[in-house]
Amino acid sequence: MKLLLTLLKPLSFLPAILVMYLIYSFSAQTGEVSGDLSYKISYQIVETKNEVLNEGKSYEELAYAADGIHFYVRKAAHMSIYFLLAITVSFPLYVYRVRGLWLMFLAGIICVGFAGLDEYHQSFVAGRGPSLRDVGIDSIGAFIGILLVQLFCWSTLHDPGQREKKKRRHHT
């Protein structure tokens with residue numbers, strides 16, 4: 001069983017690789033395709049709000065409202081996908097016993113480094129360009145994800161009485 005776990009351990013990074021591929025795929029979309037996708041999401045948000053709150057807005061009013069939130073929807077998407085990347089990078093590192101500041105540092109380097117490479121990649125895509133601000137927004141999402149993994153793992157796996165139990169077992 002231990003041999004099987006040792007062989008499967010490297011596969012714990014597979015979700016992170018898949019998220020990186022997803023990010024790369026979104027970044028490979030032209031500016032027009034990317035903008036249209038995020039606009040559709042923005043429009044869906046304001047349309048759903050209109051229906052739920054029974055606001056009775058016209059198509060033009062909905063389009064205006066969608067334009068108003070479009071920028072924020074795009075930036076929320078950046079934060080969210082890098083939040084997900086940080087989680088998928090941090091859990092395997094935790095499995096490999098990388099904890100505390102080292103986890104924050106290593107997972108942070110991986111996520112922020114990938115964000116920088118992704119922005120560089122966008123400089124080769126039609127209608128897109130690199131943005132230092134996007135790297136910053138991506139980094140915020142990543143560090144929130146890293147912190148939540150640390151808190152989750154510490155709160156669920158940390159047993160304050162564990163040292164005492166080990167001492168008692170060792171002395172008996």
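Predicted model: local features only at pLDDT ≥ 70, side-chain atom pairs only at ≥ 80, totals over all residues.

Reader: Start with H2 and H5. At what angle do their axes cross?

Author: The axes of H2, residues 14–27, and H5, residues 100–122, cross at roughly 25° and come within 10 Å. Angles under 35 degrees count as roughly parallel, so H2 is roughly parallel to H5.

Reader: Is the crossing of H2 and H5 left-handed or right-handed?

Author: H2 passes H5 in a right-handed crossing.

Reader: Which residues make that contact?

Author: From H2, the residues are Met20, Ile23, Tyr24 and Ser27. H5 brings Ile110, Phe114, Asp118, His121 and Gln122. By class, the contact of H2 with H5 has five nonpolar, three polar and one charged residues.

Reader: Now H5 and H6. Which way do they run, roughly parallel or roughly antiparallel?

Author: H6 covers residues 132–157, and its axis crosses that of H5 at roughly 150°, coming within 9 Å. The cut-off for roughly antiparallel is over 145 degrees, so H5 is roughly antiparallel to H6. H5 passes H6 in a right-handed crossing.

Reader: What makes the contact there?

Author: On H5, the residues are Gly100, Leu101, Leu103, Met104, Ala107, Gly108, Cys111, Val112, Ala115, Gly116 and Glu119. On H6, they are Asp134, Val135, Asp138, Ser139, Ala142, Phe143, Ile146, Leu147 and Gln150.

Reader: And how do the residues of the contact of H5 with H6 divide?

Author: They divide into 12 nonpolar, five polar and three charged.

Reader: Cys111 is on that list. How many disulfides are there?

Author: The count is zero disulfides. Cys111 is in no disulfide, and the nearest cysteine sulfur, that of Cys153, is 15 Å away. A disulfide needs cysteine sulfur atoms within 2.5 Å. Cys153 is likewise in no disulfide, with the sulfur of Cys111 as its nearest cysteine sulfur at 15 Å.

Reader: Is Cys111 buried or exposed? And Cys153, buried or exposed?

Author: Cys111 has 1% relative accessibility, so it counts as buried. Cys153 has 3% relative accessibility and also counts as buried. The cut-off for buried is under 20%.

Reader: Different topic. Where is Ser90 found, and what is it in contact with?

Author: Ser90 is found in helix H4, residues 59–95. Its relative accessibility is 0%, so Ser90 counts as buried. Leaving aside neighbours within four places in sequence, Ser90 is in contact with Leu103, Ala107, Ile146 and Val149.

Reader: What does Val89 touch?

Author: Val89 is also placed in helix H4, and at 3% relative accessibility it counts as buried. Not counting residues up to four places away in sequence, Val89 touches Phe13, Ala16, Ala107, Ile110 and Cys111.

Reader: I want a distance along H4. How many Å apart are Val89 and Gly68 in space?

Author: Val89 and Gly68 are 34 Å apart, C-alpha to C-alpha, and 21 residues apart in sequence.

Reader: Last one, Gly136. Where is it found?

Author: Gly136 is found in helix H6. At 33% relative accessibility, Gly136 counts as partly exposed.

Reader: And how many Å apart in space are Gly136 and Gln150?

Author: They are 21 Å apart, C-alpha to C-alpha, with a separation of 14 residues in sequence.

How values were computed
Residues numbered from 1 in each chain as written. Heavy atoms only, no water. Axes fitted to C-alpha atoms, helices over the stretch in contact; angles between N-to-C directions. Helix = DSSP H or I, 4+ residues; strand = E, 2+ residues; numbered from the N terminus. Parallel < 35°, antiparallel > 145°, perpendicular 65-115°, else oblique. Left-handed = near helix turned anticlockwise from the far one by under 90°. Contact = heavy atoms within 4.5 Å. Nonpolar A, V, L, I, M, F, W, Y, C, P; charged D, E, K, R; others polar. Buried < 20%, exposed > 50% of the residue type's maximum accessible area, 1.4 Å probe, protein only.
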